[in-house]
Amino acid sequence: MTGRDVAYYVSTTENRELLSMNRELRTENSTRTVLFKIKRQASPGSQAYWEEFELPWKRHMNVISSLMDIAANPVTREGKPTTPLTYDSNCLEEVCGSCAMLINGRAGMACSALVDNLEQPIRLEPLSKFPVVRDLAVDRSVLFENLKAVKAWIPLDGTYDLGAGPRMSQKQQEEAYPLSRCISCCCCMEVCPQFNEHTGFVGAATISQVRLFNTHPTGEMMKHERLTALMGDGGIQECGYTQNCVEACPKDIPLTRSISDVGREVMKQAVTDFFRR
């Protein structure tokens, strides 16, 4: 047998082994399934209950794609027809923040939660600190009420052209950009022990937005109003600095740095206001 014949034999043998392995893998994947255990609730005042669903495994499937399949064919694991699932989603790429939920007991984004990285059965629940609308959809309007309370905007009446506005240095832009990545998912509020019905704490996301607008050359003109809003009930003094928020944030926003910086500014403002009386 020549060298060429040996090379051909080895190459052919390796190809046969690879084809055999691919066939075995396809057979295994065709029988592989994913089990979901989903907490459901028909209306805000009704009793919650659990249902199980089983789906064929697919490559790169995530929680949201799985919920889409379940909603399209709402049949439980036992083969019983049920009502279609209700959940929030939009961008499907971790930008809008709407698909936040509890996944195996942890707050996270369903669109970026890969099934292969999760322990089965995959338990899906609505965020626990917000009123349930239906199934996995919750009412997170409290965040927007908090943002309104701290005036997290730059007021413009739009009656005339204000021009390009003040320039920001490269350093200012680099410091502000991470803060602007907030997607209002409320994961930081869900994991915060201080955010509850007893304290009324505004949460890390709101405080971080105060820092963002106060460091903007135009937004700085309402700095006093924002800091004053954080001095009242539910303000920054309610923060226990557990740092759960920065661990849960899907956009890696430096929330604890924001709380620290804004807390210092609030204290300075409080002292200044006291001596100006």
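The structure is a predicted model, and a count over its side chains comes to 15 salt bridges. Side chains of opposite charge can pair when their charged atoms come close.

**The pair Arg32 and Asp116**

- The side chains of Arg32 and Asp116 meet in a salt bridge, with a distance of 3.5 Å from N to O.
- Because Arg32 lies in the loop between helix 1 (3-31) and strand 1 (33-40), while Asp116 lies in the loop between strand 4 (106-109) and strand 5 (122-125), the pair ties together parts that are 84 residues apart in sequence.
- Arg32 counts as partly exposed at 33% relative accessibility, and Asp116 likewise counts as partly exposed, at 45%.

**The network around Arg40**

- Arg40, Glu51, Arg134 and Asp135 are linked in a network of salt bridges.
- Within this group, Arg40 forms a salt bridge with Glu51, and the closest N and O atoms of the two are 2.9 Å apart.
- Arg40 lies in strand 1 and Glu51 in strand 2 (residues 49-56), so this pair ties together parts that are 11 residues apart in sequence.
- Arg40 is buried, with a relative accessible area of 0%, and Glu51 also counts as buried, at 14% relative accessibility.

**The pair Arg134 and Asp135**

- Asp135 forms a salt bridge with Arg134, in which the closest N and O atoms are 4.0 Å apart.
- Asp135 counts as buried at 2% relative accessibility, whereas Arg134 is partly exposed, with a relative accessible area of 30%.

Conventions: Residues numbered from 1 in each chain as written. Predicted model: local features only at pLDDT ≥ 70, side-chain atom pairs only at ≥ 80, totals over all residues. Heavy atoms only, no water. Helix = DSSP H or I, 4+ residues; strand = E, 2+ residues; numbered from the N terminus. Buried < 20%, exposed > 50% of the residue type's maximum accessible area, 1.4 Å probe, protein only.
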